[in-house]
Amino acid sequence: YCLLSKKRENMDIVFIKELCIETVIGIYDWERKIKQFVCIDLELGTDISSASDSDVINDTVDYKAVSKELKSFIGDSNFQLIEALAEESVKLIFEKFDVTYIKGRFSKPGAVTGSKEVGVIIERYRKKS
């Protein structure tokens, strides 16, 4: 058995770091009346070899388009929990973009006194159809 004989897909990472979006988020009454920042780091698993060869944006994941989608979606949302915001954001990315893996770090800066930020990190793989 030779590992080299087994065909493997390329897994490259397109990333977005510290995308901060104002939104309504939180469980407390006062949080429901204001906008707070949610900051996001994303790792998007895809194969960039076609884009490397063609030098054409349509052959890769357009991080500007991903950012624009998230800014619109999250900016207009009103989730109570960062967990729900994270899960729905990841679902949106899978629906709109050709990625097989997403690792997302979603945080609320200054949400807990004495901490810089709190939040969740989630990893998801595209479900095979």
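This is a predicted model: local features need pLDDT of at least 70, side-chain atom pairs count only at pLDDT 80 or more; totals for chains, interfaces and linings use all residues.

Modeller: A salt bridge here is a side-chain nitrogen of Lys or Arg within 4 Å of a carboxyl oxygen of Asp or Glu. Side chains of opposite charge can pair when their charged atoms come close.

Take Glu-69 and Lys-96, whose side chains meet with an N to O distance of 4.0 Å. The cut-off is within 4 Å, so this pair counts. Glu-69 is in helix H2 and Lys-96 in helix H3, 27 residues apart, and the pair links distant parts of the chain. Glu-69 is partly exposed, with a relative accessible area of 29%. Lys-96 is also partly exposed, at 47%.

Next, Glu-31 forms a salt bridge with Lys-108, with the closest N and O atoms 2.9 Å apart. Glu-31 lies in the loop between S1 and S2, whereas Lys-108 lies in strand S3, so the pair ties together parts that are 77 residues apart in sequence. Buried means under 20% relative accessible area. Glu-31 has 5% relative accessibility, so it counts as buried. Lys-108 is buried as well, at 11%.

The side chains of Arg-105 and Glu-117 meet in a salt bridge too, at 2.9 Å from N to O. Because Arg-105 lies in strand S3 and Glu-117 in strand S4, this pair ties together parts that are 12 residues apart in sequence. Arg-105 is partly exposed, with a relative accessible area of 30%, and Glu-117 is partly exposed at 27%.

Now the surroundings, beginning with the strands. The 4 strands form an open sheet in the order S1-S2-S3-S4, and their pairing is antiparallel. S1 and S4 are the edge strands, each pairing on one side only. From one strand to the next, the twist averages 15 degrees. S1 and S2 pair over 10 bridges in the antiparallel sense, and Cys-20 stands opposite Cys-39 in S2. H2, the helix that carries Glu-69, packs on this sheet, touching S1 and S2, and its direction makes about 30 degrees with that of S1.

H3, the helix that carries Lys-96, has 15 residues. From first C-alpha to last, H3 reaches 21 Å, close to the 21 Å expected at 1.5 Å a residue. Its buried residues are Ile-82, Leu-85, Ala-86, Ser-89, Val-90, Leu-92, Ile-93 and Phe-94. An α-helix has 3.6 residues a turn, so residues three or four places apart point the same way. The cover over the buried residues of H3 includes S1, S2, H2, S3 and S4.

That leaves the nonpolar side chains. In soluble globular proteins, nonpolar side chains tend to be buried together. The largest nonpolar core here has 27 residues, and those with the most contacts inside it include Leu-42, Val-66, Ile-93 and Ile-102. S1, S2, H2, H3, S3 and S4 each supply at least two residues of this core, and H3 gives the most, with 7 residues. Ile-102 shows how such a residue is surrounded: beyond its neighbours within four places in sequence, Ile-102 is in contact with residues including Leu-44, Val-90, Phe-94 and Ile-122.

Definitions and conventions
Residues are numbered from 1 along each chain as its sequence is written. Side-chain values use heavy atoms; hydrogens and water are left out. A nonpolar core is a set of buried Ala, Val, Leu, Ile, Met, Phe, Trp, Tyr and Cys residues joined through side-chain atoms within 4.5 Å. Buried means under 20% relative accessible area, exposed over 50%, partly exposed in between (1.4 Å probe, protein chains only). Contact means heavy atoms within 4.5 Å. Two strands pair if DSSP finds at least two bridges between them. Axes are lines fitted to C-alpha atoms, for helices over the stretch in contact, and angles run from 0 to 180 degrees between N-to-C directions. The expected span of a helix is 1.5 Å times one less than its number of residues.
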